[in-house]
Amino acid sequence: MAHRGASYTAPESTLPAIKTALESGIDYIELDVQWTKDEELVIFHDTNLLRLTNAKTVFPERENYELQNFTLEELKSLNYGAWFNISHPQRARDSYSQLTILTLEEVLDFVDPVNTGVGLALELKSPYLYEGIEKEIAAALEENEIFEAEAEPPRILFLSFSPAALQRLSELRPESPRILLTRRNFVSPRRWQGWLDITEEVADGIGPKGHVSFPWYIGAAHKRGLFVFPYVINRSWQLKIFSWFSADGYVTDRPELLTNFYNRVQEFGENVGELGGELLEEDEDSDGENEESAADDENRENNSN
Ligand code: G3P
Ligand code: CA
């Protein structure tokens, strides 16, 4: 699952990030859905515009910069990629300084899950801010004739940190699998069982932060028939470890890393006895970029919470 598109390579949640993810051969593109002031569904991670846009320059008079207080037209007038060129000069592109926000409608059109076979993993971001958003998302999928009948794997997955939002989606669109996300870095086995209790009620799988993906956690979820998708996994050694621990899928900023990994799975299968030694080795491709990626994760976490 490509997290906010291929968000290591291109500005998160924008067309180049989605296009790069599509080209990587990934199964799903993960995107956060929110609602504008005029009730249009848009793709954006933060509830506030300041980290990723020039909203303060374009609208200096505004009291606050919460996305929910901006219309689609206002949001379309902002720039969504210039920050990336400044933060990541080694991956900067001139074209990134011209990017705009995408509506869910535009993404459905571009990704075309029915015909491309690439699914969408739609996260309901802060759904308590947007009463009724689940209904609108389900309606948009229906209007675009995106159904799950005979679709294998499913074309749409839903993710949320909110059990209540997932519960509502289970009633509106029961055929699309749901993943309950968990935020904590560390968790006791007892608390994990509590999370699994909730997950069983509202979802089909659980999305823990990578650190909470030890075999005894994944095994406990599997015992209840729940799948496990750790996030955000940006290093190949992490993929090796978590696949060894039987994770069912991964959320990554670097989809090319993941598809490359899966092409190599058979090779690992043949050498499974040697895998233990390999787990401790640093990724062969590591050239310092991975270190940066981990730092990015941390910054992003700090900035977006
Ligand atoms: O897929 C999991 C991940 O998207 C949840 O975290 O904050 O990046 O939306 P966040
Ligand atoms: Ca997300």
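This is a predicted model: local features need pLDDT of at least 70, side-chain atom pairs count only at pLDDT 80 or more; totals for chains, interfaces and linings use all residues.
## A residue just after H7

Which residue just after H7 takes a positive phi? Glutamate 145 does, with a phi of about 55°.

## The chain as a whole

The chain has 15 helices and nine strands. Of its 305 residues, 51% count as buried. If you consider contacts with a separation of 6 or more, residues 24 or more positions apart account for 60% of them. The chain exposes about 14,500 Å², and carbon and sulfur atoms supply 48% of that area.

S5 has strand S2 (residues 28-35) as a parallel partner, joined to S5 by six bridges. Within this pairing, valine 33 has leucine 124 as its bridge partner. S5 also pairs in the parallel sense with strand S6 (residues 156-160), over four bridges, and here leucine 120 stands opposite isoleucine 156. To get from S5 to S6 the chain passes through helix H7 (residues 133-143), making a right-handed β-α-β crossover.

## Back to helix H7

Which residues of H7 are buried? They are Ile133, Glu134, Ile137, Ala138, Ala140 and Leu141. Viewed down the helix axis, these buried residues fall within an arc of 160°, so they line one face of H7. On the face turned away from the buried side sit the exposed residues Lys135, Glu142 and Glu143.

The buried residues of H7 pack against several elements: strands S2, S3 (41-43), S5 and S6, together with helices H5 (104-111) and H8 (163-172).

## Nonpolar cores

In soluble globular proteins, nonpolar side chains tend to be buried together. Here the largest nonpolar core has 76 residues, and the members that touch the most others are Ile29, Leu49, Leu120, Leu122, Ile137, Phe158 and Trp192. Beyond its neighbours within four places in sequence, tryptophan 192 is in contact with Val187, Ile206, Pro208, Val212, Tyr217, Ala220 and Ala221. A second, separate core holds eleven residues, including Met1, Ala121, Phe229 and Val251.

Technical notes
Residues are numbered from 1 along each chain as its sequence is written. Chains are lettered from A and ligands numbered from 1 in the order in which they are written. Side-chain values use heavy atoms; hydrogens and water are left out. A nonpolar core is a set of buried Ala, Val, Leu, Ile, Met, Phe, Trp, Tyr and Cys residues joined through side-chain atoms within 4.5 Å. Buried means under 20% relative accessible area, exposed over 50%, partly exposed in between (1.4 Å probe, protein chains only). Contact means heavy atoms within 4.5 Å. Two strands pair if DSSP finds at least two bridges between them. Helices (H or I, at least four residues) and strands (E, at least two) are DSSP runs, numbered from the N terminus. A crossover is right-handed if, with the strands pointing away from the viewer, the path from the first strand over the helix to the second runs clockwise. Accessible areas come from the Shrake-Rupley method with a 1.4 Å probe; for residues, only the protein chains shown count as cover. The arc is that of the directions from the helix axis to the C-beta atoms.
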